[in-house]
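Subject: Structure for you to look at

Hello,

Here is the structure I promised. Please open it next to this email and follow along.

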Amino acid sequence: MIRIALRLAALVVALLLALPLHLLWRLVRLPSPWPKWFLASVGWIIGARRRIVGTPLRRDVVFVSNHLSWMDIPILAGCNGSAFVAKAELRQVPLVGWLCTLNRTIFVRREDRMAVADQINTLRDALADTWAITIFPEGTTGDGETLLPFKAALLAVLDPPPPGVLVQPVRIDYGAATRELAWVGDEPGQAHAMRVLRRRGSFTATLTFCDPFDPHDVPGRKAVAAEARARIAAAGGEGAPAAL
């Protein structure tokens, strides 16, 4: 409980430092670096020590990543500053959901097929506004040992591709701590957050940024999903069955 209290206190201090500065930057209409700084601080406080392989693009890019936990968002955003597409349920997780909004996370209900068109339009607007977004096409969190099939629905934002936008696949790996930290099954979000906060020590979070590709070269959302999945699988030394 002491460890949880100290980490929560550190999160509050980081927020109290970043939030006024973020609001000031927004007031004078300057691009704010503070959400990225804050989310990087969140990653550090919960024990993540980033190891970056490859070079992340900075703008005009859709990052396509595997998904292990809510921690992926602060760890990735603290590195590349992108906005995120996340499942709507994450918005309801105490503290975590609110923190996600600071980085303009786009919450979607993947099971709501009637709303897909509106969600794609929202993604297009976000890409034009933020220059970079990250999509988790597995649709849920995995165990880090098996790469789940990629669902291509949200990749319709790239069909047709916006001018000048590239796709950069990203593999997230928590190393030896992956099995312990992955958020799988029916574990409530609050319970997982407490489990992370009480964990002793740190862990290495490796972000492998694969070579980007032009979605014009693999036209169609299913082809984009398959190509991204193949590159992420190769980065982890896995085979790469076709995306769904």
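Strands β2 and β6 run parallel and are joined by 5 bridges. Find Val61 to see the pairing: it stands opposite Leu166 in β6. Please keep in mind that this is a predicted model.

Now look at the other pairing of β6. β6 and β7 pair in the antiparallel sense, over 4 bridges. Here Asp173 stands opposite Thr206 in β7. Is β6 mostly covered or mostly uncovered? It is mostly covered, with 6 of its 8 residues buried.

Go back to β2. Residues 61-65 make up this strand, and 4 bridges join it to β5, residues 132-135. These two strands run parallel. Phe63 stands opposite Thr134 in β5. As background, strands of a sheet pair through backbone hydrogen bonds, either parallel or antiparallel.

Next, the whole sheet. What is the order of its strands? The order is β1-β7-β6-β2-β5-β3-β4. The sheet is open, has 7 strands and shows mixed pairing. Which strands stand at the edges? They are β1 (48-53) and β4 (106-108). Each has a single partner strand, so one side of each is left without a neighbour in the sheet. From one strand to the next, the twist averages 25 degrees.

Two helices come next. Helix α3, residues 72-80, packs on the sheet. It touches β1, β2, β3 (83-87), β5, β6 (166-173) and β7 (203-209). The direction of α3 makes about 55 degrees with that of β7. Helix α8, residues 221-235, lies across β2, β6 and β7. It runs at about 40 degrees to β6.

Last, zoom in on one residue. Ser65 has its place in strand β2. Is Ser65 buried or exposed? Buried means under 20% relative accessible area. Ser65 has a relative accessible area of 0%, so it is buried. What does Ser65 contact, leaving aside its neighbours within four places in sequence? The list is Leu76, Thr134, Ile135, Phe136, Pro137, Val170, Ile172 and Ile232.

Best wishes

Key:
Residues are numbered from 1 along each chain as its sequence is written. This is a predicted model: local features need pLDDT of at least 70, side-chain atom pairs count only at pLDDT 80 or more; totals for chains, interfaces and linings use all residues. Side-chain values use heavy atoms; hydrogens and water are left out. Two strands pair if DSSP finds at least two bridges between them. Axes are lines fitted to C-alpha atoms, for helices over the stretch in contact, and angles run from 0 to 180 degrees between N-to-C directions. Contact means heavy atoms within 4.5 Å. Buried means under 20% relative accessible area, exposed over 50%, partly exposed in between (1.4 Å probe, protein chains only).
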